[in-house]
Amino acid sequence: MVHKVKGAVVRSKNAPVTLETILVPEPGPGEALVDILTCGVCHTDLHYKQGAINDEFPFLLGHEATGVVSAVGPDVTEVAPGDRVVLNWRAVCGECRACRRGEPQYCFNTHNATQKMTLEDGTELSAALGIGAFAEKTLVAAGQCTKVDPDADPAAIGLLGCGVMAGLGAAINTGNVKRGDSVAVIGCGGVGVAAVAGAALAGATTVIAVDIDAKKLERAKELGATHTVDSSAVDPVEAIRELTGGFGADVVIDAVGRPETYRQAFYARDLAGTVVLVGVPSPDMTLELPLLDVFGRGGSLKSSWYGDCLPSRDFPMLIDLYRQGRLDLDAFVTERITINDIEAAFEKMHSGAVLRSVVEL
């Protein structure tokens, strides 16, 4: 059986999003068919639209999603029809060298569905991050489904599927923020503000938010920042040092991903401190640092890919904290929109007016 559903497709570089009929096959071995409830509009989707990921057009966009499993293929045991799930793009294989050494959060061989979704004319679609959730139904590898509390607001918890998890994980997992630490976050978009929230959740006593946008800094304060720095008006390195006794922060998170902000992060950390890069640089960017400074300052320079998360471990734990009122995922949902509003949501990203627009299907 093939299911005909509506989905948001980009046919060529920078082309507008169009709603088209998608053909979704029944799940085969190791696959799950999911009825989508919500999907966040993420910068990664915009990167696909701009051709910044690859040129495998047409793309079926969407990946920060919740849904209900409607069918599973043979040999699937992780989930069953009727399960509420958050989708993820780290379906660990259990067999690669990272998995074998007990670090599945670094899995090098994550799974996607084997079968392809197509347009009506048979054109195969490239599903964004192997998910393609701007559609009424999508086909994924069963391991991309993490079973979650069905009573939690799907629009809020679905954001763990990418951006919010990336920020929270950059602080909690990659940065290993501990009680009493000082943390600075450079860039307070969705990922950066999530890193602020993660640092506060981990018990950091000084959480410094850095940005050039007053609205973003105000949101960061609402989600746990103890101090804010307007880097359009002052030198952020000096400001962070001043707020940390002249030493620099224990952990500095670069949520922008530019050479300029990375250098700021590098010099704004304390000796033996940690720099975490979670903002995604473009392929043409290069970085130059004095090697003696790298050696002399010690500490760790880390990159955080998907917040070094393990969905089966992290999603249920974070949703429990959300249900307990200790993690305000609702604050990240700026607006709830329909699938017809995706193109407009991309435009709002540029203004910084939203943390997340969430499509409700």
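**Figure 1. The largest cavity holds about 30 Å³ of space.** A cavity is a set of points on a 1 Å grid over the protein atoms alone where a 1.4 Å probe fits but cannot get out. Grid points are joined across faces, edges and corners, and a volume is the space filled by probe spheres set on the points. The structure is a predicted model: local features need pLDDT of at least 70, side-chain atom pairs count only at pLDDT 80 or more, and totals for chains, interfaces and linings use all residues. Residues are numbered from 1 along each chain as its sequence is written, and side-chain values use heavy atoms, with hydrogens and water left out. A search of the whole structure finds 1 cavity of 30 Å³ or more. Its lining (residues with an atom within 4 Å of a point) consists of Met165, Leu168, Gly169, Ile172, Asn173, Asp314, Met317 and Leu318. Helix H4 (163–174) and H10 each give two or more residues to this lining. H4 supplies the largest share, 5 residues. Helices (H or I, at least four residues) and strands (E, at least two) are DSSP runs, numbered from the N terminus. By class, the lining has 5 nonpolar, 2 polar and 1 charged residues. Ala, Val, Leu, Ile, Met, Phe, Trp, Tyr, Cys and Pro count as nonpolar, Asp, Glu, Lys and Arg as charged, and the others, Gly among them, as polar.

**Figure 2. The second largest pocket has a volume of about 210 Å³.** A pocket is an open set of grid points with protein on both sides within 12 Å along at least five of seven lines. Lining residues number 13, and Glu78, Gly143, Cys145, Thr146 and Ser312 lie nearest the centre. Two or more residues come from each of strand E10 (145–147) and helix H10 (311–323). E10 gives the most, with 3 residues. The lining splits into 6 nonpolar, 4 polar and 3 charged residues.

**Figure 3. Six strands form an open parallel sheet, ordered E13-E12-E11-E14-E15-E16.** Strands pair if DSSP finds at least two bridges between them. At the edges stand E13 (227–230) and E16 (300–303), each pairing on one side only. Neighbouring strands are turned by 20° against each other on average, direction ignored. Axes are lines fitted to C-alpha atoms, for helices over the stretch in contact, and angles run from 0 to 180 degrees between N-to-C directions. E11 (182–186) and E14 (249–254) pair in the parallel sense over 4 bridges. Val185 has Ile253 in E14 as its bridge partner. Helix H8 (259–268) lies across E11, E14, E15 (269–277) and E16, at about 150° to E15. Contact means heavy atoms within 4.5 Å.

**Figure 4. A mixed open sheet has 5 strands in the order E7-E2-E1-E4-E8.** E7 (118–119) and E8 (126–127) are the edge strands with a single partner strand each, so one side of each is left without a neighbour in the sheet. E1 (2–10) and E4 (59–60) run antiparallel, joined by 2 bridges. Val10 stands opposite Phe59 in E4.

**Figure 5. Strand E18 (357–360) runs antiparallel to E3 (31–40), joined by 3 bridges.** Cys39 stands opposite Val359 in E18. E17 (335–337) pairs with E18 in the parallel sense, also over 3 bridges. Arg336 has Val358 in E18 as its bridge partner. From E17 the chain crosses through helix H11 (342–351) to E18 in a right-handed β-α-β crossover. Right-handed means that, with the strands pointing away from the viewer, the path from the first strand over the helix to the second runs clockwise.
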